[in-house]
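Please take a moment to look over the sequence and the structure below, and then follow the explanation from one part to the next.

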Amino acid sequence: MKPLKTGVAYHGNRMPSHAREDLKEIVDADMDIVVHMLSHMDWDRHISSMKDIVSMSEDMGLEVWIDNWGIGGTPGDVSHYLSLYPTDHMIFGNGDRAPYQVCLNSSEYRKFVKRWLETVKSIGGKTVFWDEPKILAREVGGQMDYCCHCPRCQKLFEEKYNKPMPLEMTPEFAEFRTDTIVDFFREITDYAKSLKLYNAACIMPGKGHGISLESAGKLFSLSSLDNVGYDPYWTSAGLAKSYEYVYTNTKDAIARADTYGKDHNIWIQGFVPGGTEEEIVDACTAAYDAGARTLLAWSFHGGESNNYRGPYSERAWRKVIEGFRLVKDEDRRKNWEENRKKFVK
């Protein structure tokens, strides 16, 4: 059986002296992976610090993943790419520009992401984490409004289907949205592979981000993607309890990963409403019980540096540590029992 690994996303600090103490805390919590963001701002202003932080992480024995945090829009920090290429916004059906989201069919954006990948390589990155691929949708006046209706996408749609792009969700439009994501990631992850980078990705189940669970296989089947998974955040799904939701989605994610011969990753929500922190422990055990071998938490200290943090972010962080230690201890116990069966008579 593959080794059980745990880890956490780390962001909100770019001072290596401070990061050293935080990374030590992650190591002391018996975690194996740290996911560092490399936003557009990091690229422009913090690249020397990020190189130091990546190196420091590896020196402490941590596996490092680099997240494309906000490079082309959410999730993550706001990129200033669109100030340089203002015609590359995603466009909603009613003509509104998505303020922060870049159209994935933009050739200039694809070049930009390739340059970002070269930067990941230059700071010592070995694994790229593609965080929640998506195309936007929103509700306006009780009706759904979908991206992307930019002139570029409308032209591509008409060329493919011999009809104008509809405003409502049709089978052809759903397919076009999924195929846009898949085509983008085929090109970009192939380029990452050419740089000898390992590609991991996750999608959020049940959020309608333009790649449904039913069509996720198109993305997961890409030969250049090595590792695929879900972030089954129960409060984002409107749920108060975590175990069933996390267990069911972890089972589904692992089955899909196995179908395409990929490794998997499962994310544990580490920021929760006050008084529900114990649900984090339940989520960790649910993911482990469903077979997860790579569990990652979002994020360090319960997202303390972010607006979405819960009111008791420190307590949430302690529950992440407790949950990860609990499943690691259980995993060790199972391994010991298997070894004893072989050798102790």
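Which residues does Gln101 touch, not counting residues up to four places away in sequence? In this predicted model, Gln101 touches Gly72, Gly73, Thr74, Leu82, Asp88, His89, Met90, Lys134 and Leu136. Gln101 belongs to strand β5, which covers residues 97–102, and because its relative accessibility is 5%, under the 20% cut-off, Gln101 counts as buried. One of the residues it touches is Thr74, whose backbone nitrogen is reached by the side chain of Gln101 at 3.0 Å.

Turning to the barrel, we find that 8 strands close into it in the order β1-β2-β3-β6-β9-β10-β11-β12, with parallel pairing, and that the twist from one strand to the next averages 25 degrees. Within this order, strand β3 (residues 63–67) pairs with strand β6 (residues 127–131) in the parallel sense over 3 bridges, and Trp65 has Thr127 in β6 as its bridge partner.

Helices lie across some of these strands. Helix α3, made of residues 47–59, lies across β2 and β3 and runs at about 175 degrees to β2, while α7 lies across β6 and β9 and runs at about 150 degrees to β9.

Helix α7 spans residues 171–194 and is the place of Arg186, which counts as partly exposed because its relative accessibility is 39%, between the cut-offs of 20% and 50%. Arg186 touches Leu222 and Ser224, again not counting residues up to four places away in sequence; although Arg186 and Ser224 are 38 residues apart along the chain, their C-alpha atoms are separated by 7.2 Å.

Definitions and conventions: Residues numbered from 1 in each chain as written. Predicted model: local features only at pLDDT ≥ 70, side-chain atom pairs only at ≥ 80, totals over all residues. Heavy atoms only, no water. Helix = DSSP H or I, 4+ residues; strand = E, 2+ residues; numbered from the N terminus. Buried < 20%, exposed > 50% of the residue type's maximum accessible area, 1.4 Å probe, protein only. Contact = heavy atoms within 4.5 Å. Polar contact = N/O pair within 3.5 Å; in protein donor to acceptor, adjacent residues only side chain to side chain. Pairing = 2+ DSSP bridges. Axes fitted to C-alpha atoms, helices over the stretch in contact; angles between N-to-C directions.
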